[in-house]
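Q: Please take a close look at a single residue and its surroundings, and then at how its chain meets the partner chain.

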Amino acid sequence: MARELMKGNEAVAEAAVRAGLAAYFGYPITPQTESLEYLSRRMPELGRAFVQAESEVAAINMVYGAACTGHRVMTSSSGPGISLMQEGLSFIAGTELPMVLIDVQRGGPGLGNIAPSQADYNQIVKGGGHGDYHPIVLAPASVQESVDLTVLAFDLAEKYRSVVAVLSDGSIGQMMEPCELPPMQPMKTSFPEWAVSGAKGRERRYLTSINLNPAMQEEMNFRLMRRWQEVEANEVRYKEYYMDDAKFAVVGFGSTGRVALSAVRAARAEGIPVGLIRPITVSPFPSKVLEELSRRVEGMLVLEMNAGQMLEDVLIATHGQVPVEFYGRLGGVCVLPEEALREIKRLVKGPLSTEGHPRDRWLNRTAKN
Amino acid sequence: MMTVNEFETMVYTRPDSLTDVSTHYCPGCTHGTAHRLIAEVIDEMGLKERTIGVASVGCSVFAYNYFDTDFVQAPHGRAPAMATGVKRVYPDRMVFTYQGDGDLASIGMAEIVHAAARGENITVFFLNNTNYGMTGGQMAPTTLPGQVTTSSPNGRDVETQGYPIRTAEMLAKLDGASYVVRRSLHDPKNIRLAKKAIRTALEVQMRGLGFSLVELLSICPTNWGKTPAEALQWLEEKMVTYYPVGDYKVHPAAAEIKF
């Protein structure tokens, strides 16, 4: 296939179409709106369902309805819109339905701004909606990876009857890059035994997330958690760069992971033995990889466009076995490669400590505005 | 008619589209009447194997236990959005929502207005009993001025708690709505008229004529603190006065439907 120059949001939309997307429901919000616009043209020309909903609340519930039929369904949004979808996401998780959510993060909290951010990591990775459930969360660092992970998202959603989020940000959604799109998949023609379709020649089916019997609701919760253990065992994905002989490791996801790679290369050019771990699945988190790494490197640096949300998962995984430092930019400001390189050099120079919290050390050395 | 023995003829049976279980509804509640009417019409139209119902949050949250058809259950107020999702994937199925007045006219107002405005080809059965039944009888958007509820203990004061919403009249203003009517379940004559409206609404949908809604004035004896008979009388005297029974929007194509 030829490579095409595409905007991130449009590439994701076309990738979903080629993965067999049967229905899309969305609402305009910057910086994801191009996905909605693209699909408003593309879906009808293929005879597939597209609705611009009256709100993100309605959009996620249209997704909920369509997901009950077992067809491939998706929505996309950002910040405030994702917040509005949390009720529906919890219901979808509670009904054990597959769906794909594209989250193009922007600066917050509140209305914030439309610049790239990673401050919605906790919201998506930690569940967001009420109740015990874990979405699978995939974090792309390029337009190509957004395409690939969107296709994967549909497969994982069906395999685990789970919400799968592609956790992107405004920079990846808005940038244009060459990418290779997947081949057009045929639409699904058979649907799972739980899907509603009208009870033709079979017992009726119903799908609900209510169970007033706590013991039975507990059983359902156990089922979700055991399924999550399977996800943790089989679906952890990450990329590592220059780690073979590294004495120091940088950890960053999504676009910050990509910025970190530039800094790691610059550091290597100066002879600094540093490598990069870039989680692709931030949920399930590559905890074992980091735990093993914490026993062989001298220090770690976590870089994020937030105040250290993934940092907490790194600290849990490494449980004090290795000094960890943190550097972040907030509110829609990106980490620059020069800043990342400076932080690598600070890490290498030391002193290194496992006392206190890396976030406090970072805040203390960050000049007060 | 099924023959029971040579001397008896079965004239009244449970519709095929209802499951053979007791409901959780309170004695005297008109949910049972509404369920039965809808199920009878589904049977008559031969739609049982093509129906996907959408239950809402409120007393009718467990409607899926009683209708012997495929069903899904929506978050509070979101049934029209969920029905939209189902219908857009399966345009040839019969998709209906069953919602109360707290669900539809309060938390779900955006979803119902926009489903109607889009002319979404679904049918909405809207049970109006002027209170939140499931949570114990709080004030709803439909609670009448002066009506005592557990959250308007001195009677609904329109100065501070606002005025009731006449949902059918409001939705009828939308160009996308094809069939919007109000009926009442307080006596046999009105129940027969309600069934006719339910049939018309589902005919509208199955002919692809767009959005249809039947508001059904209903009673809540338990939360109203009345016997079922008193409650039916109160409905006729107070509710029908404020919420007149009538056809608020009948698209010319819907008016031509004969069955």
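A: Leaving aside its neighbours within four places in sequence, B:L216 is in contact (C-beta atoms, placed from the backbone, within 7 Å) with B:A34, B:F125, B:F126, B:L127, B:N128, B:R183, B:L185 and B:A194. This is a predicted model, in which local features need pLDDT of at least 70 and side-chain atom pairs count only at pLDDT 80 or more, whereas totals for chains, interfaces and linings use all residues. Residues are numbered from 1 along each chain as its sequence is written, and chains are lettered from A and ligands numbered from 1 in the order in which they are written.

B:L216 belongs to strand 10 (residues 211-217) of chain B, where helices (H or I, at least four residues) and strands (E, at least two) are DSSP runs numbered from the N terminus. B:L216 counts as buried because 27 other C-beta atoms lie within 10 Å; the cut-offs are 20 or more for buried, 12 or fewer for exposed, and partly exposed in between, with C-beta atoms placed from the backbone. From B:L216 to B:G137 the separation is 79 residues in sequence and 18 Å in space, C-alpha to C-alpha.

Turning to the contact between the chains, 28 residues come from chain B and 32 residues from chain A. Helix 2 of chain B gives the most to the side of chain B that touches chain A, contributing eight residues. Strand 9 (residues 206-207) of chain A and strand 4 of chain B run parallel and are joined by two bridges, pairing being assigned when DSSP finds at least two bridges between two strands. Within strand 4 of chain B, B:V72 is the bridge partner of A:L207.

How values were computed:
Two residues are in contact if their C-beta atoms, placed from the backbone, lie within 7 Å.
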